[in-house]
Amino acid sequence: MVRVSLEELYKEVILDHYRTPRNKGRVDPHDVALERNNPLCGDEIELFLKFDGGNVEGIGFEGKGCSISQASASMMTEKVKGMDAKEAATLAETIKAMMAGETEGDPDELEDLVSLKGVVKYPVRIKCALLGWNTLLEALEEGART
Ligand code: ZN
């Protein structure tokens, strides 16, 4: 396997998810729908979650904005779909810590998500990359209350 730099991986993964977003669209019926935005950049995300017991059975998003916000949301839905809701929340916290430079992140666990670290070099973009993850955390909290 060819070792690619974080920069290359970042560009490749972000472009792929931006061009071909996963889980784009509403989930109906859903348990939680939550709309959030990043006014600094004009990014918008509406996230839909459907729970089955403690699992995220269905997840989808609508949105518009820069490639990083939309690609990161797409990557988030791909990873979180079918996950235990508590594990999904832990993952979102890990991603937030990674973007804050507090942890390197485990490549075996995070897989393609480590490429988001490529954004850390561009501080104004971190809010773009975290929009989907922050929305997920809020939606999971809301889901746990219902
Ligand atoms: Zn943005």
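Trainee: At roughly what angle do the axes of helix H2 (residues 67-80) and helix H5 (residues 123-145) cross?
Mentor: The axes, which are lines fitted to C-alpha atoms over the stretch in contact, with angles running from 0 to 180 degrees between N-to-C directions, come within 8 Å. Helices here are DSSP runs of H or I with at least four residues, and strands are E runs of at least two, numbered from the N terminus. In this predicted model, local features need pLDDT of at least 70 and side-chain atom pairs pLDDT 80 or more, while totals for chains, interfaces and linings use all residues. Residues are numbered from 1 along each chain, side-chain values use heavy atoms without hydrogens and water, and the axes of H2 and H5 cross at roughly 35°.

Trainee: Which protein donors does the zinc ion have?
Mentor: Donors are N, O and S atoms within 2.8 Å of the metal (3.2 Å for Na, K and Ca), and water is not among the atoms, so sites may look incomplete. Lying 2.1 to 2.7 Å from the zinc ion, the protein donors are Cys41 (SG), Asp43 (OD), Asp43 (OD), Cys66 (SG) and Cys128 (SG).

Trainee: How many residues apart in sequence are the parts that cysteine 41 and cysteine 128 tie together?
Mentor: Cysteine 41 lies in the loop between strand E1 (32-38) and strand E2 (43-52), whereas cysteine 128 lies in helix H5. The pair therefore ties together parts whose separation in sequence is 87 residues.

Trainee: Is cysteine 128 buried or exposed?
Mentor: Buried means under 20% relative accessible area, exposed over 50%, and partly exposed in between, with a 1.4 Å probe and protein chains only. Cysteine 41, at 32%, is partly exposed. Cysteine 128 has a relative accessible area of 1%, so cysteine 128 is buried.
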